[in-house]
Amino acid sequence: MMIWINLAGLILIGLIVWWFWLYKAQSTQIKDGSIKVLVKDGVYQPANITVPAHQSVQLMFVREDATPCAETLLIPELDINETLALNKRVTVTIPASSAGVYPFHCQMQMYRGTLVIK
Amino acid sequence: MNSKTDDAKIHSCCGGDKKVSTASKAVESETHTEQVSASSGELQLNIQGASCASCVSKIEAALKQVSGVTNAEMNFAERSVLVMGSSSSHALIKAVEQAGYNATLANTDSDEAAIEEKEQADWAYYKKLMRDMVIALSLGVPLMLYGLVTGEMSVNTTTERIVWLIVGIMTLGVMVFSGRHFYVGAWNSFKNHAANMDTLIALGTGTAWLYSMVVVFFPGYVPEMARHVYFEATAMIIGLINLGLALEIKARGKTSEAIKRLIGLQAKTARVIRDGHDIDIPIEDVLLNDLIRVRPGERISVDGLVVEGQTSIDESMLTGEPMPIEKRKDDEVVAGTINKSGSIVFRAERVGKDTALAQIINMVKRAQNSKPPIGRLADMISAYFVPVVMIIAVISALAWLNYGPSPEVAFAIVSATTVLIIACPCALGLATPMSVMVGVGKAAEAGVLIRNGEALQSASKITTMVLDKTGTITEGAPKVTDVVIVSDHSHNDVLSLAASLESGSEHPLAMAIVESAKEQGVPIHSVTDFQSIAGKGVEAMLNSQRLLFGNEKLMIDQGIELHHYIDKAQRLAADAKTPMYFAIDSTLVAVIAVADPIKSDSIDAIKRLQHNGIRVVMLTGDNRLTAKAVARKAGIADYVAEVMPEDKANKILELQREGEIVGMTGDGINDAPALAHANVGFAIGTGTDVAIESADITLMRGSLHGLADAIAVSKATLRNIKQNLFGAFIYNVAGIPFAAGVFYPFLGILLNPVIAGAAMAFSSLTVVTNANRLRLFKAKEH
């Protein structure tokens with residue numbers, strides 16, 4: 001019996017590693033130079049955004065989560081930090097940048113997303 | 001549904017954003033709507049009463065019929081509509097109302113309105129969290145007390161099963177009502193392959209509840225000793241974490257007090273003189289070159305130049321300089337400062353987002369959100385934290401099932417739940433930003449603008465401070481102190497000729513001579529063939545005479561005999577004066593000395609720096625003797641004289657090679673390369689030009705005390721960050737193993753999940769409260 005329980009535990013650990021770290025989430029391709037990002041219920045929607053390289057685009061954030069943590073948007077590699085007012089559209093302009101993966105997150109990193117520029 | 005906003009911002013196609021004040025005002029005041037109608041571009045309205053998607057086309061059609069509107073696009077999800085073209089907001093709102101809905105102007109850009117809205121939103125969220133907390137604790141507390149008093153939380157009889165089933169359903173109610181946001185957040189994160197604090201709370205409380213329900217429904221499958229229910233833990237944890245979040249919101253509000261104070265400095269209206277009449281208009285409507293009248297006690301509304309009257313102005317709120325500054329015609333006045341004594345009229349030179357105050361607010365806001373490098377480790381840990389905690393919870397449960405005492409299942413469930421609940425990624429995540437927020441704000445209150453978190457951290461580590469002499473240690477306004485006539489020329493002749501020659505130069509010493517000539521009313525003539533000899537002096541022709549003015553090097557180069565006047569010059573230099581030689585047609589005619597007095601508080605401020613263990617080095621292009629005298633007066637042992645501007649940067653590099661962490665303070669213009677090479681560049685501003693400086697740290701007042709304040713506040717902030725990080729690390733590093741039961745074999749104790757919930761809830765609060773302690777920090781001037 002214990003063997004099965006232990007095996008189940010190990011599989012659970014494997015699943016945690018796979019689901020949270022190894023799985024490559026699908027990325028949403030930006031169209032028409034801008035995309036709306038909803039900040040709600042603990043996540044950015046979409047959280048993974050693909051942006052063409054060397055082209056300036058706009059991310060339009062709408063925060064519907066009153067948690068103060070969600071208020072700050074940081075894209076450290078691009079030196080962007082913005083305050084997202086509640087229930088307002090805040091447009092963040094991403095300057096034309098070279099290819100790379102640029103994470104964005106809230107102050108406490110509970111909200112996390114990635115900007116894939118390629 | 002989005003909230004209704006009161007302000008409007010019209011993106012004008014003609015460039016620049018034009019703001020108008022509240023919607024209600026816009027609707028009420030014809031002047032205001034006219035202002036809107038004059039602009040063409042985009043305008044956003046918030047719509048109320050649109051409950052179905054079909055309303056979209058109706059509203060869009062109504063708006064498109066308004067004259068001047070080229071397009072209207074409604075976003076149903078946001079209940080907002082973007083109107084393009086040129087039309088008055090009044091007409092647009094009326095059109096929407098006629099279509100059967102309500103509309104208000106949207107998209108505020110006013111800092112004050114934004115703060116107000118944020119406070120309202122925070123208050124609403126605080127009330128919600130407190131309500132959720134009361135509901136959860138009103139079930140959790142009686143249950144916990146019952147458990148503590150009777151020790152009976154197990155399921156053995158049918159009656160107990162029924163009672164606990166009812167309690168279980170009530171707990172589910174609490175989970176849905178008071179803890180819904182945790183579960184929804186956890187589920188959404190999970191779908192996105194992410195995990196956060198919600199995940200831990202949801203898993204912890206969910207596991208406790210599910211296990212309890214299994215005990216209630218299938219007690220036969222659970223060993224008798226493990227038939228314990230944990231409904232009280234679920235309810236208590238949800239209640240306590242909501243309480244922690246609510247208190248955190250309250251504490252967070254205090255961290256932004258400094259920025260609120262700065263925003264509060266902005267005047268709301270200005271008294272503009274139009275067509276010969278004084279009219280009060282909203283500050284957003286002030287245009288460039290408007291003439292604005294300010295009476296005693298009133299606030300300056302925008303940046304400008306005084307055109308009439310004279311007064312004294314209190315600039316302390318921006319620069320930290322306590323003494324009011326005298327202002328007369330052609331002097332600059334800055335938005336946010338207070339007119340003390342006289343009545344003045346000034347011309348608006350910078351309005352809206354271009355004013356120094358608006359730029360300072362913007363800079364402080366940005367700096368408050370930026371992170372110093374010290375926070376990077378915590379960020380890296382945060383990124384992996386939650387899944388690691390989940391794995392630890394699984395390992396802990398397995399360890400108890402394999403090696404734990406009876407009842408293994410109960411121990412396994414308790415330990416896994418407690419591990420999930422006690423772990424607090426938030427305390428780690430908050431440790432750095434909260435302190436930066438308060439520290440940068442505190443610095444701004446003292447007239448110190450810190451560009452970003454990196455500058456803040458570097459400033460706390462400075463070991464050597466390099467100070468430029470002119471304008472930094474000294475007033476930067478040299479005056480002629482001695483004119484030693486060597487030939488048969490009169491004093492006035494010498495001053496007149498010297499001033500004529502120097503009028504072509506922009507060197508501060510040259511300006512001192514020209515100023516002196518003007519003061520004494522001697523004529524200044526035009527010269528020809530003016531030439532500046534870098535680092536040495538100037539020469540030019542006047543009435544066929546060759547005029548030469550400069551230092552000893554220049555005279556020696558030109559073969560001019562200085563006789564014993566070198567001694568005289570050296571004596572002047574030893575008295576902290578800068579001696580220069582004046583020759584006509586290769587004959588020395590005078591030695592002129594100029595002195596730049598040391599600022600009254602430079603000596604004290606330098607002492608403060610040295611007292612804090614910082615080595616102070618003075619750099620100057622001035623001659624060795626003068627430099628020595630000034631350094632001695634200022635209490636500086638290390639000085640480097642006769643430094644060309646380009647060599648200043650090399651000196652910084654040299655100090656860095658010696659292992660020093662170097663701060664460089666200069667006026668920000670001539671010293672740009674040195675400022676850029678230093679670990680931290682400090683620019684000394686004069687109150688108005690500060691916001692455009694590009695230094696790491698800008699001192700808004702001329703006093704070097706600002707420098708000591710900047711370093712003191714950086715050190716205090718870094719100390720605070722370290723306390724927070726240490727606390728958060730230790731909390732998790734000690735708390736998680738404790739929760740997993742690592743100490744059970746030695747001490748026989750296992751942490752109760754409810755205590756873990758309380759600890760978790762208050763760990764973030766402790767971090768925010770500790771950051772708030774920084775608000776009490778006061779830099780000492782002595």
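What follows is a short chat about ring pairs, a helix contact and some backbone details.

Q: What kind of model is this?
A: It is a predicted model.

Q: OK, aromatics. How many aromatic pairs are there over all chains?
A: The structure holds 22.

Q: Take W18(A) and Y23(A). Is that pair stacked or edge-to-face?
A: Edge-to-face, because the ring planes are at 85 degrees, with the centres 5.5 Å apart.

Q: And W187(B) with F190(B), stacked or edge-to-face?
A: Stacked: the planes are at 20 degrees and the centres 5.8 Å apart. These two residues sit three apart in helix α7 (residues 180-191) of chain B, so about one helical turn separates them.

Q: Which residues form one aromatic cluster with those?
A: The cluster consists of W18(A), W19(A), F20(A), Y23(A), W187(B) and F190(B).

Q: How accessible are W18(A), Y23(A) and F190(B)?
A: W18(A) is partly exposed at 39% relative accessibility. Y23(A) is partly exposed at 35%, and F190(B) is partly exposed with a relative accessible area of 35%.

Q: What lies over the face of Y126(B)?
A: K250(B), at 4.8 Å from the ring centre.

Q: Switching to helices. At what angle do α16 and α26 of chain B pack?
A: About 105 degrees, with the axes 8 Å apart. That angle makes α16(B) roughly perpendicular to α26(B). Helix α16 covers residues 453-461 and helix α26 covers residues 705-740.

Q: Which residues meet there?
A: From α16(B), L456(B), Q457(B), A459(B) and S460(B); from α26(B), I711(B), S714(B), K715(B), T717(B) and L718(B). Four of the contact residues are nonpolar, four are polar and one is charged.

Q: Now the backbone. Where are the cis peptide bonds you have for P46(A) and P407(B)?
A: One runs from Q45(A) to P46(A), with omega near 0 degrees, and P46(A) is in the loop between β3 (43-45) and β4 (48-51) of chain A. Another runs from S406(B) to P407(B), with omega near -5 degrees. P407(B) lies in the loop between α13 (376-403) and α14 (408-422) of chain B.

Q: Why point those out?
A: Because most peptide bonds are trans, and most residues other than glycine have a negative phi.

Q: What is the phi of H193(B), and of S586(B)?
A: H193(B) has a positive phi of about 60 degrees, and S586(B) has one of about 65 degrees.

Q: Buried or exposed, H193(B)?
A: Buried, at 12% relative accessibility. H193(B) is in the loop between α7 and α8 (197-217) of chain B.

Q: And where is S586(B)?
A: In the loop between β22 (578-584) and β23 (587-595) of chain B. S586(B) is partly exposed, at 40% relative accessible area.

Conventions: Residues numbered from 1 in each chain as written. Chains lettered and ligands numbered in written order. Predicted model: local features only at pLDDT ≥ 70, side-chain atom pairs only at ≥ 80, totals over all residues. Heavy atoms only, no water. Axes fitted to C-alpha atoms, helices over the stretch in contact; angles between N-to-C directions. Helix = DSSP H or I, 4+ residues; strand = E, 2+ residues; numbered from the N terminus. Parallel < 35°, antiparallel > 145°, perpendicular 65-115°, else oblique. Contact = heavy atoms within 4.5 Å. Nonpolar A, V, L, I, M, F, W, Y, C, P; charged D, E, K, R; others polar. Phe/Tyr/Trp six-rings, centres within 6.5 Å; stacked < 30°, edge-to-face > 60°. Buried < 20%, exposed > 50% of the residue type's maximum accessible area, 1.4 Å probe, protein only. Lys NZ or Arg CZ within 6 Å of the ring centre and 35° of its normal.
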